[in-house]
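Biologist: Could you walk me through this model? I have the sequence and the coordinates open beside me.

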Amino acid sequence: APFTLNSITVVDPNIKVPTTHQWSFSIQQEIAPRTVLEVNYIGRRAYHLYGAYNANQTNIYGNGFLDAFRQVQAGGQSPLINQLYGPDTRRAAAETGSDMLRRLFPADLRNNAVGTIAQDAARRQQGTNSLSQAAGLGPFFMLSYPQYAGAMNVIDSNDFSTYHALEIQVERRFSNGFAGQISYTLSKSLDTRSFDPAFTTVGTGSGQSASSTPFDLSNRKLNYAISDFDRTHVVQSYVSYELPFGKGKRFGAGSSGAVQRVIGGWNLAGFTTLMGGRPFTVYSGFNTVSNIVQSPANCNGCTRQDGGVFDGPGGFIWYFDQQTTGKFSTPAAGQLGNTGRNFFRGPGSVNFDLSLQKRTAITDRIGFELRADATNLTNTPTFGFPTAVVSSTIFGRIRDTVSSQSRKIQLGAKFIF
């Protein structure tokens, strides 16, 4: 059929095998007895990564549609719009196409949503033909593949990524009942896509995964930015300590057997993870360029450090205050916002786990273990992303969304034989 609203998923005939290169450099030095300092650099580059896009992104630049949109938006008459919407059955007898557009799409015109109106024109059907063909502009005026106006999803291998990291680690090997490690990672991961839609779907709208879908098919590098999963700073540590009581220890070594069973065999272990927040995209709420993905917002004077968790209106948790939200605006028609993909950072996370363990030997072959394990000992929440669509009435609000678990303490006992 020359025109349908069907969708199809196809594979790029030039698809290639994903390729990755990794390199590293490491230095180790003993800085004290049984204590080692390790410094690593890790680099990685990958290309021909699998991804997907909708090849039926509406054409607004090469056919004059964007300029025509601006004419109608300003209150004028566009000959192109009048011709395109001439055969549209929604048009009243005395109306021009420009007048009809202002009547049917006042909000989209007001909010620079040229992509939304372009999609309406591209998917509008008159009889068995597309609107553009019925208007004498040809079947390919708005879409490259009008046979699949619903979506022409293409699996390809044109995405790429880079990663650089500095890792510093100090490790104390087990000695005198003590072992521990602390490590710090400073890293940066960049890519054109973090969400892998291969053989499933193409991210659309204003979901965080949608920023992995090309904003503009003619310039795929517009999506090259910090990866969705990037954590600039990460600190991890653990410590294990056998308490110095009982047989073979500093205190109570000469105690009776009954006392030995009570005071000996205690072990304390702790684990700590501190991580910076993951990046996220703030969307304008409108399709100012693409009919597939909403455009990132403009922000006047914003920095990547803007935002922070605080108690705000309604008793909810918020991330952007009123002063910051006032800096955001909708890009002009045909333009993407100046914040781009993954400009802002979400809340970081802090987690402490603790384990207390008591081992008792009953006989040479039978033992008893009693332990208490606490996860998220301080009950510190890791909050999720805020509502990141500027047009939303709750823009900047997290509410009570968390990605962490509440504090849990588990008691356990077991026989070992």
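Modeller: First a term: helices (H or I, at least four residues) and strands (E, at least two) are DSSP runs, numbered from the N terminus. This is a predicted model, in which local features need pLDDT of at least 70 and side-chain atom pairs count only at pLDDT 80 or more, while totals for chains, interfaces and linings use all residues. Residues are numbered from 1 along each chain as its sequence is written, and side-chain values use heavy atoms, with hydrogens and water left out.

Biologist: Where does threonine 281 sit, then?

Modeller: Threonine 281 is in the loop between β11 (279-280) and β12 (298-299). With a relative accessible area of 0%, threonine 281 is buried, where buried means under 20% relative accessible area, exposed over 50%, and partly exposed in between (1.4 Å probe, protein chains only).

Biologist: And what is threonine 281 in contact with?

Modeller: Leaving aside neighbours within four places in sequence, threonine 281 is in contact with Gln208, Ser211, Pro296, Gly340, Arg341, Asn342 and Ala388, contact meaning heavy atoms within 4.5 Å. A polar atom of the threonine 281 side chain lies 2.9 Å from the backbone nitrogen of asparagine 342.

Biologist: Which backbone nitrogen does the side chain of serine 157 reach?

Modeller: That of lysine 16, at 2.8 Å. Serine 157 is found in strand β6 (residues 151-175) and is buried, with a relative accessible area of 3%. Apart from neighbours within four places in sequence, its contacts are Asn14, Ile15, Lys16, His48, Leu49 and Tyr50.

Biologist: Before going on, where is confidence lowest and where highest in the protein chain?

Modeller: Helix α7 (residues 257-263) is lowest, at a mean of 77, and strand β2 (residues 19-32) is highest, at 97; the score here is pLDDT, the predictor's confidence in each residue, from 0 to 100. For the protein chain the mean pLDDT is 92, and 98% of its residues reach 70 or more.

Biologist: Now the inside. How many residues are in the largest nonpolar core?

Modeller: The largest nonpolar core has 26 residues, and those with the most contacts inside it are Phe65, Tyr85, Ile117 and Met142. By nonpolar core I mean a set of buried Ala, Val, Leu, Ile, Met, Phe, Trp, Tyr and Cys residues joined through side-chain atoms within 4.5 Å. The elements giving two or more residues to this core are α1 (65-73), α2 (79-84), α3 (97-104) and α5 (114-123). A second, separate core of 16 residues includes Ala297, Cys299, Ala388 and Phe395.

Biologist: What about isoleucine 117, what is in contact with that one?

Modeller: Once neighbours within four places in sequence are set aside, isoleucine 117 is in contact with Phe65, Phe69, Tyr85, Leu101, Phe105, Asp108 and Leu109. Isoleucine 117 is one of the buried residues of α5, along with Val114, Gly115, Ala118, Asp120, Ala121 and Ala122. In total 7 of the 10 residues of α5 are buried, so the helix is largely enclosed by the rest of the structure, and what covers them includes α1, α2, α3, α4 and α6 (131-134).

Biologist: And which residues of α1 are buried?

Modeller: In α1 they are Phe65, Leu66, Ala68, Phe69 and Val72. Seen down the axis of α1, these fall within an arc of 160 degrees, so they line one face of the helix; the arc is that of the directions from the helix axis to the C-beta atoms. Their cover includes α2, α3, α4 (106-110) and α5. Following α1 comes glycine 75, whose phi is positive, near 95 degrees.

Biologist: Switching to charges, how many salt bridges does the structure hold?

Modeller: It holds 17 salt bridges, each being a side-chain nitrogen of Lys or Arg within 4 Å of a carboxyl oxygen of Asp or Glu. Arg359, Glu369, Arg371, Asp373 and Lys414 are linked in a network of them.

Biologist: What are the closest N and O distances for the pairs involving glutamate 369 with arginine 371 and with lysine 414?

Modeller: Arginine 371 to glutamate 369 is 3.6 Å, and lysine 414 to glutamate 369 is 3.9 Å. The latter pair links distant parts of the chain, with lysine 414 in strand β20 (residues 408-416) and glutamate 369 in strand β18 (residues 367-375), 45 residues apart. Aspartate 373 also forms a salt bridge with arginine 371, at 3.0 Å between the closest N and O atoms.

Biologist: Is glutamate 369 buried or exposed?

Modeller: Glutamate 369 counts as buried, at 4% relative accessibility, whereas arginine 371 is partly exposed at 28% and lysine 414 is partly exposed at 46%.

Methods: A polar contact is a pair of N or O atoms within 3.5 Å; within protein, one must be able to donate a hydrogen and the other to accept it, and residues adjacent in sequence count only if both atoms are side-chain atoms.
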